[in-house]
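User: Got a model up here. Can you walk me through the strands and then the charged pairs?

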Amino acid sequence: MSDTSAIGATATPRVSKRFRLQWEEAQQAWVLLYPEGMVKLTQRAGEILRRCDGVRSVAEVIADLEQAFATAGLEADVVAFPELARKQQWIDDH
């Protein structure tokens with residue numbers, strides 16, 4: 001998929017092998033670790049990225065988040081984030 005195309009609902013994004021996603025107790029946040037440093041994620045970004053396992057589709061991630069947080073209408077935010085994360089090379093999609 002090219003960098004200019006949108007990530008579709010059936011894409012199954014996963015955290016890039018260049019990064020390790022983990023909960024950082026000292027930061028009280030999800031972080032992406034890489035050899036040169038660390039990216040501290042917002043709560044929203046962490047919740048989305050931890051569901052990007054290469055198995056679940058974007059649509060399944062949306063449904064899981066809406067169920068987990070007992071809300072609806074998260075589609076726009078969830079779809080926008082993987083596009084940003086792909087530009088940052090945090091995720092791979094296929």
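User: What do strand 2 and strand 3 form, and how many residues sit between them?
Analyst: This is a predicted model. In it, strand 2 and strand 3 form a hairpin, with four residues between them. Gln28 lies in that turn and has a positive phi of about 55 degrees.

User: Which sense do these two pair in, and over how many bridges?
Analyst: Antiparallel, over five bridges. Strand 2 covers residues 20-24; strand 3 covers residues 29-34.

User: Which residue in strand 3 is the bridge partner of Gln22?
Analyst: Val31. Val31 also has a bridge partner in strand 4, namely Lys40.

User: OK, strand 4. How many bridges join strand 3 to it?
Analyst: Four, and the two strands run antiparallel. Strand 4 spans residues 37-40. Strand 3 and strand 4 form a hairpin too, with two residues between them.

User: Is strand 3 mostly covered or mostly open?
Analyst: Mostly covered. Five of its six residues are buried.

User: Switching to charges. How many salt bridges?
Analyst: The count comes to six. One of them links the side chains of Glu47 and Arg50, at 3.0 Å from N to O.

User: Glu47 and Arg50: buried or partly exposed?
Analyst: Glu47 counts as buried because its relative accessibility is 13%, under the 20% cut-off. Arg50 is at 39%, so it counts as partly exposed.

User: What about Arg51, which side chain does it meet?
Analyst: Asp64, in a salt bridge at 2.5 Å, N to O. Arg51 lies in the loop between helix 1 (43-49) and helix 2 (58-68), while Asp64 is in helix 2, so the pair ties together parts that are 13 residues apart in sequence.

User: And how accessible are Arg51 and Asp64?
Analyst: Arg51 has 6% relative accessibility, so it counts as buried. Asp64 is partly exposed, with a relative accessible area of 23%.

User: Which other residue forms a salt bridge with Asp64?
Analyst: Arg56 does, with the closest N and O atoms 3.3 Å apart. Arg56 is partly exposed, at 26% relative accessible area.

User: Which residues do the shared partners join into one network?
Analyst: Glu47, Arg50, Arg51, Asp53, Arg56 and Asp64. Salt bridges that share partners join them.

User: Why would such side chains pair at all?
Analyst: Side chains of opposite charge can pair when their charged atoms come close.

Notes. Residues numbered from 1 in each chain as written. Predicted model: local features only at pLDDT ≥ 70, side-chain atom pairs only at ≥ 80, totals over all residues. Heavy atoms only, no water. Buried < 20%, exposed > 50% of the residue type's maximum accessible area, 1.4 Å probe, protein only. Pairing = 2+ DSSP bridges. Salt bridge = Lys/Arg side-chain N within 4 Å of Asp/Glu carboxyl O.
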